[in-house]
Amino acid sequence: MTRASLDKQPHEVASMFDDVAERYDLTNDVLSLGQDRRWRKEVAKAVDARPAQRILDLAAGTGTSSLPFAQTGAYVVPCDFSQGMLQVGKQRRPWLPYTAGDATRLPFRDDSFDAVTISFGLRNVRDTDAALREMHRVTRPGGRIVICEFSHPTWAPFRTVYTEYLMRALPPVARAVSSNPDAYVYLAESIRAWPDQPALAERLGKAGWSRVAWRNLSGGIVALHRGFKAS
């Protein structure tokens with residue numbers, strides 16, 4: 001892993017996701033061995049969207065992650081900084097109110113949403129702490145945040161096997177199913193460099209979130225972090 005490969009400018013990351021937009025959902029399904037569908041179900045349970053609630057789904061991509069919230073009767077806003085992702089999503093699900101936005105400068109008023117969620121996108125934001133503060137700003141008092149992100153397996157032997165998969169097996173598989181396999185090399189490196197569960201929880205607290213907790217999924221490959229905005 002090279003530090004330079006992770007120091008991408010926001011427009012470079014956006015362009016990377018534009019390139020993989022068309023087959024993004026399929027590629028994720030293949031690379032996660034179908035686990036991504038289970039993880040998204042857990043996100044939906046944690047967010048616990050209700051009819052008439054306002055839900056902000058950040059890094060929503062093509063809107064696949066937004067559908068469970070819409071199906072509850074909540075008003076969900078899929079937001080992403082990749083125009084390519086949003087265009088593909090609009091073609092597939094034209095009824096969703098797709099919105100272009102930078103997670104560090106969200107185009108929404110203070111206290112606008114009952115819940116804010118982001119799945120597998122926070123580690124791609126250049127300034128994580130600024131994004132966590134922005135999510136806090138647009139959440140109403142008493143509202144909640146749910147973050148689903150790749151993390152660090154808790155069992156050391158499995159962690160070694162997982163790291164080997166990321167750096168050796170993932171790129172060849174990505175070449176077979178993705179329109180831009182180099183993007184998945186970047187994603188593998190970003191997962192390895194990401195903070196562990198306690199470190200992310202600490203950053204949530206510093207951004208103003210209270211009652212922060214997390215739950216490991218798939219042995220810590222993924223972690224669900226949750227927090228609340230004080231009333």
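In which sense do E6 and strand E7 (residues 222–228) pair, and over how many bridges? The two strands pair in the antiparallel sense over six bridges, and Leu-217 stands opposite Val-222 in E7.

The model is predicted: local features need pLDDT of at least 70, side-chain atom pairs count only at pLDDT 80 or more, and totals for chains, interfaces and linings use all residues. Residues are numbered from 1 along each chain as its sequence is written, and side-chain values use heavy atoms, with hydrogens and water left out.

The protein contains 10 helices and seven strands, taken as DSSP runs (helices H or I, at least four residues; strands E, at least two) numbered from the N terminus. Seven strands form an open sheet of mixed pairing, in the order E3-E2-E1-E4-E5-E7-E6; two strands pair if DSSP finds at least two bridges between them. Its edge strands, each pairing on one side only, are listed below.

| Edge strand | Residues |
|---|---|
| E3 | 99–100 |
| E6 | 210–217 |

Helix H10 (residues 197–206) lies across strand E5 (139–150), E6 and E7, and runs at about 155° to E6. Axes are lines fitted to C-alpha atoms, for helices over the stretch in contact (heavy atoms within 4.5 Å), and angles run from 0 to 180 degrees between N-to-C directions.

Helix H7 (residues 128–138) is mostly covered, with eight of its 11 residues buried, that is, under 20% relative accessible area with a 1.4 Å probe, protein chains only. Among them are Leu-132, Met-135 and Val-138. Their cover includes strand E1 (54–58), strand E4 (113–119), E5 and H10. Buried residues make up 52% of the 231 residues in the protein.

Terms used. Buried < 20%, exposed > 50% of the residue type's maximum accessible area, 1.4 Å probe, protein only.
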